[in-house]
Amino acid sequence: MTDIIHSGLAAQCMIVSEATYGTYVAPTRSLEFVSEGMKTTIDRIESKGLRAGRRIVGKWLPGKTSSAGELTAEVNGIGFGLVLQHMLGTCAITGPTDTVAYTMTATPTDLPVGFTMQLGKPSIDGTVQPFTYTGCRINTWELSLKAGELLELKLGVVAQAETDLTATHALTTYSDPGIHLLSFVGAGITCGGTEVDVKDFTFQGDNKLDAARFMIRSAATPKQPLENSWRDYTGTL
């Protein structure tokens, strides 16, 4: 017998890198998350035409369509290299050896073209509906850790388009990534090569993507968000 959960506890998130920006790829990487706020906004193009007896806007068309939101997750020690790559550009993984664990080194370089993200949102009848976002790019991010807590990551995601319902893109089968959470135990903060004692820290990045590249064309969605200013990296200890 299949166990059906009639609430948001059955939600899921899957991602995968795209070869071509905005072109759907079936997600393969599972990502446990704490919360998400993805939503799609459609502007109205209202007619200003006058006619006898009209006191309200009588004609309008759907206009610019944009999708964006925040995704919050607890950092998992396995499978997060893909996320780091889309945050900064490059993520090199080395190790392990008898004395050295796996090391992920993220470097600011050209960002990948984008990724497909699918959120599974449960309804009260237990059906998990797929909401699929293509052409996703990470515009902002924040890593934070406090003594006694887990390492947390907030992603500010901008996407080209949202599609929903199984008829468009079926719900991808979720694969448990395993429990490899990172906590304050064993963590270390170094400044200038010297480890320092801190109670909490945050480290933030802003890729300065222009997500409003709307053009006169057949689609109401924007073109690929591009960097249009210097990236910002800031933090607090």
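A cavity is a set of grid points where a 1.4 Å probe fits but cannot get out, and its lining residues have an atom within 4 Å of a point. The model is predicted.

Start with the fold. The protein chain has 17 strands and one helix. Its C-alpha atoms fill a box of roughly 80 × 55 × 35 Å along the principal axes. Contacts reach across the sequence. Among those with a separation of 6 or more, 65% join residues 24 or more positions apart.

Now the surface. Of the 237 residues, 31% count as buried. The accessible surface of the protein chain is about 14,300 Å². Carbon and sulfur atoms hold 56% of that area. Charge comes next. The chain carries 24 negative and 19 positive side chains. The centres of these two sets lie 18 Å apart.

Then look inside. The count gives one cavity of 30 Å³ or more. The largest cavity holds about 60 Å³ of space. Its lining is made up of Ile-15, Leu-31, Leu-71, Leu-82, Val-83, His-86, Phe-115, Met-117, Ile-138 and Leu-155. Two elements, α1 (81–88) and β8 (115–122), each give two or more residues to this lining. The largest share comes from α1, with three residues.

Then pick out other lining residues, including Ile-15, Leu-31, Leu-71, Ile-138 and Leu-155.

How values were computed:
Residues numbered from 1 in each chain as written. Predicted model: local features only at pLDDT ≥ 70, side-chain atom pairs only at ≥ 80, totals over all residues. Heavy atoms only, no water. Helix = DSSP H or I, 4+ residues; strand = E, 2+ residues; numbered from the N terminus. Buried < 20%, exposed > 50% of the residue type's maximum accessible area, 1.4 Å probe, protein only. Contact = heavy atoms within 4.5 Å. Areas by Shrake-Rupley, 256 points an atom, 1.4 Å probe, with all protein chains shown as cover. Lys, Arg positive; Asp, Glu negative; His and termini not counted. Charge placed at Lys NZ, Arg CZ, Asp CG, Glu CD. 1 Å grid on protein atoms, 1.4 Å probe; cavity = no way out; pocket = protein on both sides within 12 Å on 5 of 7 lines; lining within 4 Å. Points joined across faces, edges and corners; volume = space filled by probe spheres on them.
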